[in-house]
Number of protein chains: 2
Amino acid sequence: MIEQDPATSELQALQRQFDAMPPVAAMRIATDGFREGMLHLHAPLPANVNDKDNAFGGSLASLMTLAGWGWLTVQLRLAGHAADVYVADSQLRYLAPVYETLAARAGPEAGDDWPGFLATFRQRGKARITMQAQVRLGSGAVAATFLGRFVAKAKG
Amino acid sequence: MIEQDPATSELQALQRQFDAMPPVAAMRIATDGFREGMLHLHAPLPANVNDKDNAFGGSLASLMTLAGWGWLTVQLRLAGHAADVYVADSQLRYLAPVYETLAARAGPEAGDDWPGFLATFRQRGKARITMQAQVRLGSGAVAATFLGRFVAKAKG
């Protein structure tokens with residue numbers, strides 16, 4: 001029997017959480033693995049198109065918010081914690097229209113202190129962190145950016 | 001034959017635009033009229049619920065963005081203009097979970113200059129404006145806030 005990478009089974013659990021949320025299932029948001037410390041998500045254009053035949057701003061906002069939320073949710077589980085994760089605020093910039101598959105990546109803001117976040121979470125059962133996310137085009141251009149603060153609270 | 005209020009037929013046109021966008025149709029976002037200068041929208045909780053049985057942050061973001069976008073789209077049409085309206089950036093705050101129908105309202109930021117915006121649009125075929133939106137609970141409490149800059153460009 002082949003043992004599965006813990007990150008792989010947590011990503012599968014995250015996908016099941018996405019599929020269980022009706023608005024996320026409707027946008028057909030899919031996990032696409034961790035690379036270079038970032039969680040990647042994508043969603044097909046037809047399920048997310050606006051009146052101008054490009055990606056709906058609300059879908060881009062949802063995808064980037066979920067990428068940040070998903071990164072935290074998975075990394076907390078891999079660190080052995082059961083937590084509820086909430087978005088507290090966010091700043092979004094829409095830089096270019098998206099006429100292709102929506103692809104977002106997210107991770108902690110550069111310089112943010114993940115070990116410090118985990119230490120606070122363990123002590124107090126609650127901690128905050130700032131996550132950044134982008135939507136990138138196949139060309140490499142950044143089409144949208146997200147900066148958001150999240151709160152994790154220990155379950156139970 | 002009864003003549004219809006122009007705002008009513010423009011709201012019906014806005015609803016058709018919403019229904020033609022797959023992610024917006026999936027969230028079942030509905031127009032709810034202009035009151036006190038604000039455009040009101042709502043959406044049922046079951047189509048917009050997250051893993052914690054309250055409203056998904058991406059749905060709240062979508063609803064407030066569309067309320068601002070819809071206000072501008074309708075008011076430009078009522079002023080006799082055909083325009084494409086884009087969101088350029090936004091700031092969101094999530095203040096309280098929403099366990100009921102999602103209800104948002106939007107209008108120009110207090111003190112923003114609608115006549116000045118229209119004058120610029122007429123002169124240059126392009127203008128920018130800052131819109132504010134909120135999600136309010138039935139209790140009157142504000143559950144989420146939005147501040148966003150929009151750009152309108154003349155069609156054709």
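Predicted model: local features only at pLDDT ≥ 70, side-chain atom pairs only at ≥ 80, totals over all residues.
Chains A and B meet in a contact that takes 32 residues from chain B and 32 residues from chain A.

On chain B, the side that touches chain A draws at least two residues from each of helix H1 (6-20), helix H2 (22-26), helix H3 and strand S3 (83-94). Which of these elements gives the most to that side? It is S3(B), with 9 residues. Sorted by class, the side of chain B that touches chain A holds 17 nonpolar, 10 polar and 5 charged residues.

**Helix pairs**

Two packed helices are described by the angle between their axes and the distance between the axes.

| Helix pair | Axes come within | Crossing angle |
|---|---|---|
| H3(A) and H3(B) | 8 Å | roughly 150 degrees |
| H1(B) and H3(B) | 10 Å | roughly 135 degrees |

Let's take the pair that spans the two chains, in which each H3 covers residues 57-78. Why are H3(A) and H3(B) described as roughly antiparallel? Their axes cross at roughly 150 degrees, and angles over 145 degrees count as roughly antiparallel, which is why the pair gets that description. H3(A) passes H3(B) in a right-handed crossing. On the H3(A) side, the meeting residues are Gly57(A), Gly58(A), Ala61(A), Ser62(A), Thr65(A) and Leu66(A), and on the H3(B) side they are Gly57(B), Gly58(B), Ala61(B), Ser62(B), Thr65(B) and Leu66(B). By class, this helix contact has 4 nonpolar, 8 polar and no charged residues.

H3(B) also packs within its own chain, against H1(B). With a crossing angle of roughly 135 degrees, H1(B) and H3(B) are oblique to each other, and H1(B) passes H3(B) in a right-handed crossing. From H1(B) come Pro6(B), Ala7(B), Glu10(B), Leu11(B) and Leu14(B), which meet Gly70(B), Thr73(B), Val74(B), Arg77(B) and Leu78(B) in H3(B). The contact of H1(B) with H3(B) divides into 6 nonpolar, 2 polar and 2 charged residues.

**The nonpolar core**

In soluble globular proteins, nonpolar side chains tend to be buried together. In this model, the largest nonpolar core has 85 residues. Which residues have the most contacts inside that core? They are Leu63(A), Met64(A), Leu63(B) and Met64(B).

Setting aside its neighbours within four places in sequence, Leu63(B) is in contact with Ile29(B), Leu41(B), Ala43(B), Leu102(B), Ala104(B) and Val135(B).

Methods
Residues numbered from 1 in each chain as written. Chains lettered and ligands numbered in written order. Axes fitted to C-alpha atoms, helices over the stretch in contact; angles between N-to-C directions. Helix = DSSP H or I, 4+ residues; strand = E, 2+ residues; numbered from the N terminus. Parallel < 35°, antiparallel > 145°, perpendicular 65-115°, else oblique. Left-handed = near helix turned anticlockwise from the far one by under 90°. Contact = placed C-beta atoms within 7 Å. Nonpolar A, V, L, I, M, F, W, Y, C, P; charged D, E, K, R; others polar. Core = buried A, V, L, I, M, F, W, Y, C linked by C-beta atoms within 7 Å. Buried ≥ 20, exposed ≤ 12 C-beta atoms within 10 Å, placed from the backbone.
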